[in-house]
Amino acid sequence: EIYTLSLHDALPISRRARARFSDERVQRYGNIAELRAAARRSVPRVMFDFVDGAANDEVTSRRNREDFAELELMPRILVDVSEVDIRTTVLGQPVEVPLIGAPMGLNGLVHHHGEAGIARAMHDAGTIHALAAMASYSIEEIATEAPGPTWLQMYIWRDRGLVRELVERARGAGFLALVVTVDVPRAAGRDRDRRNGFGLPPRVTLRSLAGGAIRPRWSAQFIRHPRMTTASIAGRGGGADDPVGITAYVNGQFDPTAGWDDLAWFRELWEGPLIVKGILNPADARRAVGLGADAIVVSNHGGRQLDHAPSTIRALAPIVDAIGSDAEVILDGGVRRGSDVLKAIALGARACMIGRPLVYGLGAGGEAGSRRA
């Protein structure tokens, strides 16, 4: 196979000079939509659709964005805004911006900087990143390469020994909180991935070959710095370099029998702050707090699980009302501008999680793109 490298990829320049070049290149992008468009140009379609796509007809994903647009901002005039302070705390952790990096797995498919680059971007902004259980970088790699306030996200998997092992590793690495995602009893049907034949490792088809050929920079970094696996669970279901075996193992781990007792088990397992992610119903939020949750993430998995679910901004206020001051509430889903964050905070959220925007930035310009996002 012959890959054409861009001049930027070929030159033996220092990492610092390369980072400065990337920083300057991504400064042209003025909003998340522009970063998304840049990522679409830079990343093969199968990888872009894996990040950008959602379940079935993608109705929930669209609602997450559209319902933000329905909310108006009522201004008050003649107020001194010469100094604006957007700092806050999340579960006692001071943050410079009310944003948290949402857990999204397999970021290494988009750019080899992956979750490490995103975590560094969030830490540079003075805030928290949540590492996905299915991240391309391991718990220990993140602790070393992106030191800073970090949470671990976990699913309710069948293999409780594996769950306990990952939680203990996160504890040993100094992670601050555990995020339990509760809205994935089964893997969802995602039409874009099905049409693209998406899988791990990526299938070599005429379409994927063409996508790589017209994106030589992505192809070069993918070959030189492959990040095709879920690093924290490498070796499960096969060898450490067997993504097929690992993927089959993970697909069999989602537990459709999971119930509230399982959440209570996580509360016993983790003595630090416990965050429950994937709640849309006020009654579920109250029950989670009753079992010891310190924070609720109002989330529909970015529309990637249950299509035709309510948008998270619509679900936010009833959940805030239901749990009052008993726990903090974080909004996840559809956030693309600072005005979206403002609306969520006005409706009672302590902060917002952002996922796709950071990965769009990653695709557009690696770590520098995530910092721009």
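The legends below describe close-up views of a predicted model.

**Figure 1. Confidence across the predicted model.** The mean pLDDT of the protein is 88. Of its residues, 84% reach 70 or more. Over residues 1–13 pLDDT stays under 50, and for this stretch the model has 16 contacts beyond four places in sequence. Where pLDDT is low, the predicted coordinates should not be read in detail.

Figure 2. Helix α4 spans residues 45–52. Seven of its eight residues are buried, so the helix is largely enclosed by the rest of the structure. The buried residues are V46, M47, F48, D49, F50, V51 and D52; two of the names on that list are aspartates, D49 and D52. At F50, the charged end of R304 sits over the ring, 5.4 Å from its centre.

**Figure 3. The aromatic pair of Y155 and F254.** The structure holds four aromatic pairs. One of them joins Y155 and F254 in an edge-to-face arrangement, with 5.3 Å centre to centre and 85° between the planes. Y155 belongs to strand β5 (residues 150–155), while F254 lies in the loop between α12 (243–251) and α13 (260–269), so the pair ties together parts that are 99 residues apart in sequence. Both Y155 and F254 are buried.

Figure 4. I156 is found in the loop between β5 and α8 (160–172). Its relative accessibility is 11%, so I156 counts as buried, the cut-off being under 20%. Leaving out residues up to four places away in sequence, I156 touches V180, T181 and V182, and also Q253, D255, A258, D262 and F266. The C-alpha atoms of I156 and L263 are 8.3 Å apart, although the two residues are separated by 107 residues in sequence.

**Figure 5. R160 and the ring of W265.** The charged end of R160 sits over the ring of W265. The distance to the ring centre is 5.0 Å.

**Figure 6. H129 in strand β4.** H129 has its place in strand β4 (residues 128–131). With a relative accessible area of 2%, H129 is buried. Residues up to four places away in sequence aside, H129 touches G101, A102, E115, I118, A119, M122, H123, P149, T150 and W151.

Figure 7. Five of the five residues of β9 (residues 328–332) are buried, so the strand is largely enclosed by the rest of the structure. Both faces are covered, with E328, I330 and D332 on one side and V329 and L331 on the other. In a regular strand the side chains alternate between the two faces of the sheet. Strand β8 (residues 295–298) pairs with β9 in the parallel sense over four bridges. Opposite I330 of β9 stands V297.

**Figure 8. L331 and the nonpolar cores.** The largest nonpolar core has 83 residues. Those with the most contacts inside it are M154, W157, L178, F266, I296, L316 and L331. Apart from this core lies another, of 15 residues, among them V95, I100, A102 and I275. Neighbours within four places in sequence aside, L331 is in contact with F68, V298, T312, I313, L316, A344, A349, A351, C352 and M353. In soluble globular proteins, nonpolar side chains tend to be buried together.

Technical notes. Residues numbered from 1 in each chain as written. Predicted model: local features only at pLDDT ≥ 70, side-chain atom pairs only at ≥ 80, totals over all residues. Heavy atoms only, no water. Buried < 20%, exposed > 50% of the residue type's maximum accessible area, 1.4 Å probe, protein only. pLDDT = per-residue confidence, 0-100. Contact = heavy atoms within 4.5 Å. Phe/Tyr/Trp six-rings, centres within 6.5 Å; stacked < 30°, edge-to-face > 60°. Lys NZ or Arg CZ within 6 Å of the ring centre and 35° of its normal. Core = buried A, V, L, I, M, F, W, Y, C linked by side-chain atoms within 4.5 Å. Pairing = 2+ DSSP bridges.
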